Amino acid sequence: MERGAADGGPGIEVVETPDLDEAIREREGRPLPQALPILPLKSTVTYPDTLTPLAVGQPRSMRLVNDVLSGERMLVMVASRDPEAEEPRPEELYDVGVAGVVARMLKVPDGTMRILVQGTQRVRIGDYVAEEPYLVARIEELPDVVEPSPELDALTRNVQNTFSSIIEGIPYLPEELQLAVANVDDPSALCHLIAGAMRISTAEKQELLEEVDVAKRLRRLSEILARELEVVQLGSKIQSQVQSEMEKGQREYFLREQLKAIQEELGEGDERQAEINDLRERIEQAAPPEHARKAADRELSRLERLPPAAAEYGVIRTYLEWMVELPWNEESDDNLDIANAREVLDADHYDLEKVKDRILEYLAVRKLKPDSPGPILCFVGPPGVGKTSLGKSIARALGRKFQRISVGGVRDEAEIRGHRRTYIGAMPGTIIRALRDAGSRNPVFMIDEIDKMGADFRGDPASAMLEVLDPAQNDTFRDHFLDLEFDLSDVLFIATANFLDPIPPPLQDRMEVIQLAGYTLDEKLHIAKRYLVPRQISENGLTPSQIEFADPALKAIADEYTREAGVRNLEREIGTVCRKIARDAAEGELDGKARISAKRARELLGPRRFFAEQRRRTKDPGVATGLAWTPVGGEVLFIEATSMPGSGNLTITGQLGDVMKESAQAALSWVRGHREQLAPDLPEDWFSNHDIHIHVPAGAVPKDGPSAGVAMATALASLISRKPVANDVAMTGEITLTGQVLPIGGVKEKSLAAQRAGIKRIIVPQRNEGDVGEIPEHEREGVEYVYVSELGEVLEQALDGTGR
Ligand SMILES: Nc1ncnc2c1ncn2[C@@H]1O[C@H](COP(=O)(O)OP(=O)(O)OP(=O)(O)O)[C@@H](O)[C@H]1O
Ligand SMILES: [Mg+2]
């Protein structure tokens with residue numbers, strides 16, 4: 001033993017065996033001592049025939065090493081089952097360890113020591129003979145069991161190969177090892193060399209140590225190596241992906257820097273900076289309120305830090321664009337001159353007194369109490385009765401901007417309230433968009449078709465609408481995209497709907513409903529004369545000196561070419577006439593004034609439109625075309641029958657007289673009585689668990705009389721048999737409970753109305769044949785008369801599946 005300072009530097013004491021080889025040689029051939037000190041190892045396993053460096057810090061282990069060095073230098077290294085145990089007790093140690101010779105010892109300045117131990121034999125640990133001052137146990141050598149065989153060779157080679165594949169992928173394995181492994185022929189030593197170098201679990205290392213059968217040990221090792229190889233390969237795949245991502249990022253960075261340099265060189269400066277400055281200026285101008293201002297500044301500074309190519313950059317820029325374009329402060333001054341408002345409303349619309357009054361009241365209240373919350377009006381009425389145009393008039397009277405928002409068919413609440421910005425292609429909802437378009441924070445918003453809003457899995461737009469229309473909440477309306485509050489309380493909302501029923505009750509509650517009924521023919525004539533004709537004349541570039549509509553012409557247009565409660569189509573047809581005259585005028589073929597008579601109008605408008613409507617209306621089962629006789633002449637009417645689950649009630653609507661209602665009852669009774677023939681598939685109790693509704697659209701004139709009986713029975717028969725009624729046929733006739741068809745009056749007028757409507761076949765009672773004969777030939781042109789004396793014949797004609 002030698003003492004002295006060695007290469008370790010000052011303070012490092014080295015104790016070295018003079019000749020290690022000699023010491024080991026000394027040991028070889030000599031039997032092992034019966035008992036040896038046990039040095040527990042922390043989370044490592046050593047093998048025979050390997051040189052293991054160990055750090056020794058525990059007082060009892062240092063004592064052990066000191067004692068060993070002064071004696072035979074032998075000890076047994078045993079792994080501990082619990083890697084955390086500081087001074088493991090015998091039962092915490094594995095039962096198999098490695099005996100070895102301490103080759104070298106260094107004392108480190110911190111008081112601990114390092115030793116180098118040459119493993120010699122595998123040993124089984126028997127009884128512990130001492131635990132103090134350190135563990136000493138009886139031991140017994142455990143030699144390898146080797147039986148040379150081709151399999152053993154193959155296993156050896158396999159392990160060598162696998163290991164050389166692994167070594168490149170594992171940085172902690174020194175390259176020299178590859179050579180070493182290639183040069184070791186002894187399978188047992190090979191196992192020890194590799195197992196000692198690999199970082200596998202202590203339990204696995206111990207397992208390899210304990211296996212005395214070398215072939216088995218090799219097999220186990222090759223399994224472990226195969227697994228490690230897989231891990232290495234996976235790791236390198238991930239590594240190369242990461243690498244290529246990084247390279248891409250770096251490439252982009254360089255290109256971008258180059259681009260910047262080129263732009264600067266070209267004197268284009270930093271466009272991005274210019275853009276940011278522009279946005280900053282526009283935020284300044286828009287002067288949003290404090291909370292929005294803060295958000296804008298925050299987004300702007302985020303924008304400054306992003307490269308323009310970043311996806312985020314575009315998102316933020318879009319956001320800021322929206323923000324600066326909103327009318328945070330823009331508003332128009334209300335014109336609260338009531339006389340002026342009255343004038344404007346009258347100038348645009350005929351009658352509608354109730355609505356006009358309500359609007360003037362609103363103005364009066366505004367005038368007296370400027371910051372009272374405005375009402376939310378809801379105009380309910382059929383198409384073309386002037387709901388939208390009234391809204392426009394109101395805006396005009398008040399001097400406000402007008403914006404229309406259609407919510408018909410909207411199912412997604414995001415359409416109203418926008419998508420969150422995290423959504424690709426997100427945009428503000430329709431409310432914020434309309435505000436931007438209006439450019440004013442107090443426009444008139446017309447929310448069209450509020451009765452046609454839907455709801456599905458994407459959320460309920462009605463509840464978003466509720467918030468918009470609630471004066472208690474709409475001063476803090478929050479759009480998802482903008483994610484800021486916007487005050488909607490100065491917006492004047494007017495909703496429109498065709499029907500009240502489908503509007504959710506909570507929404508109805510928020511609104512003041514104003515019903516606009518349809519117009520009578522007489523009213524339509526007034527509207528046409530006062531508003532539609534003058535407007536169409538000027539819109540088609542004509543002057544009142546060039547064209548004049550006679551009253552019968554307007555009546556003919558309204559009556560024969562349109563079928564509506566409102567006047568939209570009437571206006572369109574008047575426009576068509578004007579256009580044709582305008583063409584004549586342009587071609588120089590108009591001498592003097594074009595006077596439009598009913599006949600001229602019919603010539604200009606060509607075949608009536610009504611037929612198309614009939615085709616459409618009778619598309620579904622349950623609708624039959626009837627003929628009525630009113631004080632103003634014959635009329636074609638559609639009789640509609642529907643059913644719904646119920647308890648056998650009959651409802652009849654459409655301004656009908658008592659006699660007509662009674663014929664509906666009779667028709668139903670007859671159809672019920674013939675259920676089996678008409679609809680054999682219909683369950684017997686169908687009529688008692690369904691309600692029937694018969695509707696005769698009101699039209700302009702109240703109707704009465706028994707002559708719709710045939711049509712009602714046909715509509716019902718069509719309903720229950722699911723067969724649509726032929727669309728070129730119209731019918732008239734009274735019925736009895738036994739299904740007889742009785743004659744009716746007004747055959748000539750009805751026939752004319754049917755002919756005008758383009759109907760091809762008219763079903764009339766047999767006993768009216770004589771009346772038909774009296775109709776002049778030319779008024780019967782193109783029409784076939786089918787005479788019937790009982791309902792069965794009617795249905796044969798009407799439900800024959802032809803004329804489709
Ligand atoms: N009372 C009236 N006086 C003058 N013109 C009218 C009147 N009622 C309707 N009109 C005209 O009829 C046309 C159609 O009206 P408008 O577009 O307002 O219908 P609407 O009720 O909004 O229908 P929809 O339900 O289909 O939206 C407009 O040109 C309008 O000026
Ligand atoms: Mg409208």
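## A buried glutamate

Glu 467 has a relative accessibility of 18% and therefore counts as buried, the cut-off being under 20%. The model is a predicted one. Glu 467 belongs to helix α16, which spans residues 461-469.

## Nonpolar cores

The largest nonpolar core comprises 67 residues. Within this core, Val 76, Ile 115, Phe 163 and Ile 194 have the most contacts. The element that gives the most to the core is helix α7 (residues 214-265), with eight residues. Apart from this core lies another, made up of 54 residues and including Leu 279, Ile 376, Val 410 and Ile 503.

The surroundings of Phe 163 can be listed in detail. When neighbours within four places in sequence are set aside, Phe 163 is in contact with Leu 173, Leu 177, Val 181, Ile 194, Met 198 and Leu 225. One of these partners, Ile 194, is itself among the residues with the most contacts inside the largest core.

## Cysteines

The structure contains zero disulfides. Cys 191 is classed as buried because its relative accessibility is 2%, where the limit is under 20%. Cys 578 is likewise buried, with a relative accessible area of 0%.

Note on methods
Residues are numbered from 1 along each chain as its sequence is written. Chains are lettered from A and ligands numbered from 1 in the order in which they are written. This is a predicted model: local features need pLDDT of at least 70, side-chain atom pairs count only at pLDDT 80 or more; totals for chains, interfaces and linings use all residues. Side-chain values use heavy atoms; hydrogens and water are left out. A nonpolar core is a set of buried Ala, Val, Leu, Ile, Met, Phe, Trp, Tyr and Cys residues joined through side-chain atoms within 4.5 Å. Buried means under 20% relative accessible area, exposed over 50%, partly exposed in between (1.4 Å probe, protein chains only). Helices (H or I, at least four residues) and strands (E, at least two) are DSSP runs, numbered from the N terminus. Contact means heavy atoms within 4.5 Å. A disulfide is a pair of cysteine sulfur atoms within 2.5 Å.
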